[in-house]
Each structure stands twice: as structure tokens, then as C-alpha cells.
Amino acid sequence: MKDINKKRTGNLISIQDSLVKARFFDDVIMGETAEIFVDGKYLQAEVLQIQPDPKNPDAGIVEMQVFEDLTGAKIGDEVVFKGTPLSVLLGPGLLTSVWDGLQNPLYKLSEEDAYLRPGMNAPALDEEVLWDFTPSVKVGDTVSGGDVIGNVPEGKVDHKILVPFSFGTCTVESIVEKCSVNITQQVAVVVDQLGNKHELKLAFRQPVKSPIPFKNRAIPSKPISTGTRVIDLLAPVGYGGTVGNPGPFGAGKTVLQHSLCKYAVADIIVMAACGERAGEAVEVFKEFAELEDPTTGESLMNRMCIFGNTSSMPVAAREASVFIALTVGEYYRYQGRKVVMLADSTSRWAQALRERSGRQGDIPGPEAFPMDIPDQIKGMYQRAGEDLGTGGSLTFIGTVSPAGGNFQEPVTQATMDATGGFWGLSQDRADAKKYPAIDPLVYTTSVYDGFISWNDRKKMLSTLNDANDIDQTISTIGLKKVPVSNYIQFQKGLTIDFCVMQQDAFDKVDACTRPERLAVLNEAVQSLIDNDIAFEAGEMDDEQLKESIKQKFDELRQWWRDWNYSATTEDQLAQLPKAINKFILQEEYAV
Amino acid sequence: MIRKEINKISEVGKALISVEGNPGVALNHVVELLEADSGQSLSFAKAINISENSTRFQVFNGTAGLSTRTKIRMHEIPLTAGFSTKMLGRSFDGSGAVADGGPDVIFEKQVSTRLDTLNPTVRNVPKQPLWTGIPMIDVFNTLVKSQKIPIFAGPTEPYNRLLSQIAQGAQADVIIFAGIGLKFDEYQYFKEQLSQSGNIDKTIMFTHLAGDSQIKGLMLPDVALSVAREFGDQGKDVLVLLTDMTNWSNILRNVANYQDMIPSLQGYPGSLYSELAKRYEVAADIEGAGSITIIGATTLESLEDPVPDNTGYITEGQFFLENGKLKLARSLSRLKQGVNGKTRSDHRAIMTAMASLLADAEKAYEASEVGAANDAYSQKLLRYRTDFISNIEEPFGEPIGLEAALDKCWSILKRHFDPTETGLSKKLIEEYWDKN
């Protein structure tokens, strides 16, 4: 057996941006982490490849990506191999935290310097906070990886303390009584089958590139109330589901992500701000702290943790950040929590892989992405899922930033193939300021039973489709030649689009629509679709009739939008279906 | 201090030189190139790839005239930029050397050009508007202090005129002008405009003219932004003008090509996004200090070109200039929501209503081109569109305040529509319709 305490080292022989090579004489493990000693600081790195040394048959050459800026690095600088793969610290205190892509706590680092300097680091979780630990095993019990040995309250979350997943069957040799402990203190000792003793604490490190197992995996089916109407009505996502959310810049991906953070009904939100604007992550952790969680009424930050590897931070850490965030999500799923993970943006993650493979001199695939990028994307989304065994779920919503807004590019295509749902944001709708710009005609969902029946969904969609077709006809042959009946159908579709599909994310009432309100809206929409409207032509010719129909629908839309912005009580909600029924009869409905 | 020297250059290429073996130079450290016999300084250079077999440098002044006998003197420090408040009113080149023929500047300190990331936790959420007097910006896409935003424009559009108009009105303590690949007349234009507006004394110009050494153009934003950041750290509100970032990206592409990097799209390196982001992300409102706002210019043939495309994902919106007009449909300020809810009660609503009507009007305009917009409402929309383009999308003219601009919007709506056609709430209609 290898002596794990023996220090294994190497020395740099080549430096190119974030990619380095080192010569070594001992053993090196694929995927292990390393530290490079540069200018008095230790920089974090990860082993990518091991090759023979053409100059020295007794040595080998290891290729590594470095997670920090290498300015000042020289040939010969020492590399120390750590023996452990890239990992994340899991334990109480994860919630409300804000880290960089390698789980360095950003608030803690800011005490040292306003800028992130190479070599800076701090413990991932606060080591001073005391947690009220209640044991749930006793001496002599048999436990193995993933088993619960006790719990601590983490805010409103009952945080279970687990035996690290890598452990085999062990016997509990000692366990503390109910007490207050921090994450560095021992709470139990277990003995494995070889007789080796292991100390257990509240927190442990978990490798991030291989998934935490499911107990009893299921196909996601129960829809999440996201508060966004077009999603919940037409393209719902289930607990444990996966969604790709591509859109050109300016189409509203960020606003939608923020809206999901605020309103999605979930226990925990893990956000990987991966290679995106720093300002957006800041908005989340500074402003969301002031907002209320829709289910608990507490600060929204109490259910969140954020990995902010923003666009100007070292590229190599971008890849790590997504895996680290995923592993935190899996950890809470294993504890029975409903977790939603948002990754913004998976394209930046893929670009980080592209930059790296380019430097490594790999033969490039389409648009210079690594050849295996579709497999890597699939592998990532596969880690989401629902676990009936624990009652938890991990939902993964990834944004995609397609180059040129072109959905044919490799990352968007691979994502469409990898995910169960697809929310495509449309440039045309964004240009017309029709937000959220999810095209109601271009989406996919794998959830059959949503908040409204499949049949209602189909009818809604077919009206929107009709309106779209008639709109195109009007643009090509002119309004005059369109029959009145078609024009009414067009106005109905327009009304559903304007009053239901579009939503104001910045209005207090309109920003979030819950299932009860959706039901009311659906009732109104269905009766509008099902019924002929009693328009009277009287003395008017077709032209004048259409003008008058448009005016009536304009008034209805204005009334409906006012309702969207204001109706909250049961009475106020009930006004909408009433108003629609009166509109169908062409009676006075304004209240 | 005796500095180590290397006597043998093995390879001289475009903008790059290499030496065999490893002379002990560190990554990104600076060396000086000396004429072999006279010892006269020819240029500085920066180590970019090092291995035990060879070391490669980017030469600031270009490689013309260098030979294998040229000496390399090691300085053993990373690249820095000189900083002094005496730089105000002066012009410098891409490496931070005086370029206006004036006296040398005695620098107070040297600042790192590495552009380390600001810890996100010390960023303030941007909340302070930066008024420009241009209705299209102030009403529809409010500019916010610490914003990073480019002007997207075709190469023949008056984007530099717009940049300069914004700079003249903007309330900043310091203006840093960073020009890459400029034509001489553009440089002169800025200088004159800034002088005329009386802003020259709070301006520092960093200029790289088309035809100057590529490496100096490549490093110019880092030097300019490091100086801007130092002012920001000292509590100043700084406005940085970067023009034109497409020129800069093209230099990046050339140099990546000289370095044999694998190209991704249209020859640009795969790192284009990260490289642009590193510069634009310097924009920040810093807790307990000042702020840095960046307005860039990005010239383009098509929005799908890699430079504007990547830029759009990095910046907080864009101003789109076409036929001399600031186009509403393609312009966006991502930070406007943080400020436009605290102005006048009708601000957001009128912005949304007018935009939505304009989108309908564009459709009517397309229909009209095939003779399919003959109904009364389409005709209304077409008249509205004409009015909007000439009165709202026009960026050049007398600056007007926000209130006046909003009133102007109401009067345009009233000229063309009935209240219910606007999609505005009853409450706002009652409050503002008859006032204007």
C-alpha cells in the first residue's frame, strides 16, 4: 500500500496561460489536485494528463490546469501533489454562503483584500459557528457511507449528519451526547472492517466529478410551481427534471433565472454563476437577502447558496464551479430536500473546456469545442433527478448562451439532447419587449400532468398557433382580405399572449402566479377560446367591424392587465372569469 | 542591481521573439531589448510562454529591426503602469509612455496591470443613474453608474461622435479615453471635443493609432483600466471610453495566430469571451470607494460576428446605432430597472408601452412595403413610427432633462393614439394624458 503521508513533488518545465507541465519522479494520480509554489504562494491545480518524459526514462511528465493566475511562475517551481481529487466540503453552514468557483468564501476573503489575489484561500465553511448536534446512532451500531449519525438545525432545515459516502460498512465505536460543536470537532469514531478507526465530524469532503448515488431513482413527474405563467402553463418542469434555457443576449435569461430563484417552490436553491457578469451574482446575494421566501416567509438567502465564478475569474475554475455546485445539490437531495440548481451559463462552462483543450493541442470538434462535449453535457445533466428513496430531488436548469443566438451551435444542440425540457428565448419576442421571451410555440417539456389538463394546454396552444398564422397572413395580404371570424381568432390569441403568456417580472403582483391563480386564468382563457363572441355588425362594413372588434379587445386587454397587476383577494380573482363571460356576451364588465 | 542578460535570440517573428532554453524569466515578467553594440534600448517585451526548451516574448514596439544579436535584459517584475494625478490632461501610448510631446510625468506609484478580479462582495448593487440628456438613453435605456455598455455600430456610423457627446455631458470626476487602432482624425476629434467642453483637464488619453505596434494596442486597455481602477480605489467616479474594441479583438486574433493557437470562430481564439470579460468587468461601484463606468465602441458588420456577440453576453446591455439613430428595438440597458422605478411614476410604463407600439409599428412597416398595411390602425402605427424615429431615436441635438423627455413621449402618444390603444393603465392615463 502506498504511503499517503509521503510528500510527492514535481517541478515545472512549461507554463502556458493556465496550463502547466511538470516533471515528476514519484507516482502521480490522474485527476488528483496539486499545489504549485509560486512567489511565496500556493496556487491550486488539477492533474489532466500523465505522459512519459522523452528526456528522462526515470521521470514522467504531468499536465495540469491551474485555477489561479500564474504571473511570476518560473521553470523549476515546486509542485506538491495532494493525493485527493477536486472536492467540496459538505456540512452545516452551506446555506446562505457565497463562494468563488473553488468554494473559497468571498465575504471572508474580502476581509483581507478588496481584490481576489492569486493564492488567497479560506476555509469553505465557518469553523467557529456552533451547531446543536443530536446523535441518532449508538455505540455498536453498524453504519455505512450515506447513513445518518445525527442532525443539526441549519436555519429551518433539518441538516442530517452523514457518514462520508466513500465509507464501507463500519461499527460505531464512540458517539458524543447531544451537544454544541463546530465542524472541526469530532462527533463520532467508527471502525471499518479492516479495523481502521475513522473520526467523523459534522462536515466531510466529497469528490465532485463522480455523482452521489441515488437510493431509488424515479422519473420526474410532479411539476414545480415556478411562478412564471408561460412555464407553469405550457412547459412545466418536474421536481428532479432538467431544462436547457438558451437565448441570445438581451432575451431575458438573467431576469428569468432571478425570477426562478425568487419564486420556484423548493427547499434549496443552489446557484452556479459560471463565467457570467459579477453584477448579476451580486444582485442575488445582496438583494435577495431582503426578499421573502415564498414558502417560509424568511429571507430568501436562507434557502440559497451561491458559487460565483464570474467571467473575469480564472477560466479553469469555471469547470470546477459547476461540479462543486452539483455535488452540493446532490448532498441536499440525499437528505430528502427538493433542490433546484441554476447554472448560468453552461456555455461558459463549455467554453472553459474549449480553451483548455485548445491549449492542450487536442484535435478540435465543431466550432473548436472538444469532440466529446455532448457526452460531457449529458453526463452533467444526468446528475439531476428525483429520489423516491430519500424523498429529495435535484432539478437542474442550465442557461445556454448560443454564439450569435444560433440554436444550431454545438452546446445548444447537445443540451437539447441532454435535457427533458427546453425553454427557448426568442430574439423577436425580446425585441418586441414581450417578456418573458420564451416562445410559447417553441418549447419542450417532459411533464405530462402539469397545473392544467393536457387538453386545456393543447387548446391554448392551438389558439396561439392560429393567431400566429393569421398574423402572418395579415402581414402578407393585408387585413382587408382576412375574414372577420379569423380576425376574432387572431384577437383571442393576441389576448392570451398579452395577458397570460407575458408577465411583468418587476411588478409585485404580476411577477409570480401560483397554481390557484393559474386555475382562474385558465378558466378565463378556456371560456374565451370555447365561445363565440356576440359582436354586432349592425350598419358597419367588414372594415369598420374589425376596427370595432379591435377596440373591444384592446379594452379587454387593458382591463385584464390591470387585473394582473392588482387582483389579490379571492373576490378580485373571481372578477376575471366573470368579466370574460360578460365580454363573450358583449355586456358591460368593467368593475 | 546587475540585471541578467540573454545574448541569443533564436527566433524573430511578427510581434514575437523566442530564445532557446529557459533563461530563468518568469511568466508575464518584463524584459528590455537592447541594441547589441550600442546597448541602446529598443523596446520592452513580456514573457508569455515559457518552457525548459524555449521562452517566447511579446515585443511592445514590434520586431522590425531586431536581430538574433539583440540583447535581452531581464527586469524580474511583472508589467505595471505608472500612476499620477499629474496624468490628467495628458496623452499616453499603449504602454503608458508620454505621447503628447510634453514633459515627462513623475509617477507617484506603479500599479499592477494584471486586472485582478474585484471581490464581488465589495461591489455595490448599481443604483445611481448617469443622465446623458439623450431621451433614448435616459427614458428607454437609462445608463447607470458602474455600468459596462458598448455602442454597437457599423464602421461608418458616428459612434465616436456619440461617445464624445456622452462623455461631455457625463458627471464623472475622471474620464479615461482608451483608443485602439484609431485613425488620426478620430484622435484629433476627441481631443478637440474634450478641450471645447472644458473636460480636458479631467481626462487622460491613452491612444494607439492604426499602424502602431500591435502589442502596444493589445496592452492599452490593461494600462488604461489599471489607471482608471486606481482613481476608483481613491474614491473617484471614473468614466472609461474604450474605442474600438473590435480593433482590439482583431489584434488579439492576430497575436493568437502568430502564437499558433487553435482558432474557434472566424479565427478568433477560444478565449475571446474571457479576454473581453476581463477588461469589461473592471467596471464596478466599489463599496467605500469610487466607481468605474465603461462605455465601449464595437464596430460590426453583423450582430452575429464573434466580437459583438461575445461582448453582448459580457456587457450590461448595448446601445445600437444605425443610420445615425439610436435604435430602440436593439438597445438595452440591463441596469435600468435599478433606477427607473424611482423616477417619475409613469417612467417604466411609458417606456414599455411605447416600445410595444413601436414593435407593432415595425410589423406594419414591413407589411406596408408589400402594400398590406392599408387599414386605419396600420396607418396610425406608421405615422407613430416616423414620429418616434425623428424625435426619440435621434441622439444628436440639444440635451433635455428626464421630465421633459417623458412629457415629449406622452405628446407623441397623444398625437397618434386613443388612450386604450396604448396598453397603459387607467390610472396613468388619468394622471398624464390630458396634461400633455
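**A walk through two touching chains**

A salt bridge here is a side-chain nitrogen of Lys or Arg within 4 Å of a carboxyl oxygen of Asp or Glu. This is a predicted model, in which local features need pLDDT of at least 70 and side-chain atom pairs count only at pLDDT 80 or more, while totals for chains, interfaces and linings use all residues. Residues are numbered from 1 along each chain as its sequence is written, chains are lettered from A in the order in which they are written, and side-chain values use heavy atoms, with hydrogens and water left out.

Now step back to the whole of chain A. It is divided into domain 1 (8–83), domain 2 (127–202), domain 3 (250–413) and domain 4 (456–584), with bounds from an automatic or database domain assignment. The C-alpha centres of domain 1 and domain 3 of chain A lie 29 Å apart. Twelve residues of domain 1 of chain A are in contact with eight residues of domain 3 of chain A, contact meaning heavy atoms within 4.5 Å. Between them these two domains of chain A bury about 800 Å², 56% of it on carbon and sulfur atoms; buried area is the accessible area (1.4 Å probe) that two parts lose on being put together, summed over both. On the domain 1 side of chain A, A:Leu19, A:Gln65 and A:Phe67 lose the most area to domain 3, together 51% of what that side buries.

Next comes an open sheet in chain A, where four antiparallel strands follow the order S10-S13-S15-S16. Strands (E, at least two residues) are DSSP runs, numbered from the N terminus, and two of them pair if DSSP finds at least two bridges between them. At the edges sit S10 (142–143) and S16 (197–201) of chain A, each pairing on one side only. Five bridges join S13 (residues 170–175) to S15 (residues 186–192) of chain A, and A:Ile175 stands opposite A:Ala188 in S15(A).

Finally, let us turn to chain B. Here 79 residues of chain B are in contact with 81 residues of chain A, and the area buried between the chains is about 6,600 Å². Seven salt bridges cross this interface; A:Glu287 forms a salt bridge with B:Lys127, the closest N and O atoms being 3.2 Å apart. Strands meet here too: three bridges join S1 (residues 8–16) of chain A to S5(B), running antiparallel, and A:Gln16 has B:Asn49 as its bridge partner in S5(B).
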